[in-house]
Amino acid sequence: MSPRMPGHPAPPAGGGARVEVVGLSAGYGRTRVLDSVRLTVEPGGWLAVIGPNGSGKSTLLRSVLGFHPHDGQVRIDGVPTTGMPRRERARSMAYAPQTPVLPEGVTARDYVTLGRTPHRPLLAAPRGVDRQVVADVMDRLGLAPMADRQLTTLSGGEQQRAVLARALAQQPRVLLLDEPTAALDLGHAQQVLDLVDRLRRQDGLTVVSTLHDLTLAGQYADRLALLSDGRVAAQGAPAEVLTAQALSTHYGARAEVVHGPSGPAVLPVRSAD
Ligand SMILES: Nc1ncnc2c1ncn2[C@@H]1O[C@H](COP(=O)(O)OP(=O)(O)OP(=O)(O)O)[C@@H](O)[C@H]1O
């Protein structure tokens, strides 16, 4: 990956937006997965949604995006997303899914360029500005050397960075990331999270992510929301939410939480048996 990280590849047009989720309930068939979830993320804030497997984190992100049917309301800068034209929604919010469906027969660059679709006239070829944004984002994410490779030949971690690059090329006001570091080694995970952090600090990009790595969640997000049994069990600053008691109650985990200068770190504790 390129060590050159200052600046920003793709500032969101108009800065970040305030995201409000009010009374959001959703499920699958008759099974309710989310029950009256209420969350607010300020412009430039980073909310990490944490919680055990199956607690509804991905369903929450997909509902906020309007990809999953739900009750309740999602508002972007006070405007309900229901009825928002698809193109406008795509300029406001970009999404990097946990398990993306990657198209065959396209290069990594072509794939990232898809992120520019909401910004250019329908059916128009990429313009100079589109190519520039795509090149910058790919460079920042260390993807420039493989820009002409077929997307499906990239490694798992490279594909994950390509998915993030596509979302950043969209220049959203709100970035929704579902497990953005799942396939990444520690160095790349930090570089990806550092880049997102820089975008929110410099340009006010609003970030909502799920993160299984609670230490990374505690170090990068300024707020955590702990989902458990479809409800927000705790919400607040990382040091308030990440407690040994909460990890035991909601994850059934034995862990110590150590507080360092860059935030809380979670240390699993082996069973004495
Ligand atoms: N398409 C589906 N049909 C039926 N049930 C589903 C479907 N997708 C998800 N679920 C169920 O909804 C619940 C919440 O799933 P979701 O993927 O939102 O959880 P999650 O917190 O993101 O999980 P993980 O941490 O394992 O990724 C789980 O019990 C899951 O099995």
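Q: Which residue in β10 is the bridge partner of L226?
A: A234 is the bridge partner of L226. Strands here are DSSP runs (E, at least two residues), and helices are runs of H or I of at least four, numbered from the N terminus. This is a predicted model: local features need pLDDT of at least 70, side-chain atom pairs count only at pLDDT 80 or more, and totals for chains, interfaces and linings use all residues. Residues are numbered from 1 along each chain as its sequence is written.

Q: In what sense do β9 and β10 pair?
A: Antiparallel, over 5 bridges. Two strands pair if DSSP finds at least two bridges between them.

Q: What is the strand order in the open sheet?
A: The order is β6-β7-β8-β3-β9-β10, with mixed pairing. β6 (93-96) and β10 (231-236) are the edge strands, each pairing on one side only.

Q: Ok, β8 next. How many bridges join it to β7?
A: 5, and the two strands run parallel.

Q: Why is β8 called largely enclosed?
A: Because 5 of the 5 residues of β8 are buried. Buried means 20 or more other C-beta atoms within 10 Å of a residue's own; exposed means 12 or fewer, partly exposed is in between, and C-beta atoms are placed from the backbone. T206, V208 and T210 are on one side of β8, V207 and S209 on the other.

Q: What does V208 touch?  Skip neighbours within four places in sequence.
A: Its contacts include V19, V41, L47 and L176. Contact means C-beta atoms, placed from the backbone, within 7 Å.

Q: Which residues touch the most other members of the largest nonpolar core?
A: A165, L176 and V208, out of 71 residues. Helix α5 (residues 156-169) gives the largest share, 7 residues. Such a core is a set of buried Ala, Val, Leu, Ile, Met, Phe, Trp, Tyr and Cys residues joined through C-beta atoms within 7 Å.

Q: Switching topic: where is H212?
A: H212 is in the loop between β8 and α7 (214-220).

Q: Why does H212 count as partly exposed?
A: Because H212 has 15 C-beta neighbours inside 10 Å.

Q: Last one: what surrounds the ligand?
A: Among the residues around the ligand are Y28, V33, N53 and K57. The shell counts residues whose C-beta atom, placed from the backbone, lies within 6 Å of the molecule. α1 gives the most to this shell, with 3 residues.

Methods
Contact = placed C-beta atoms within 7 Å.
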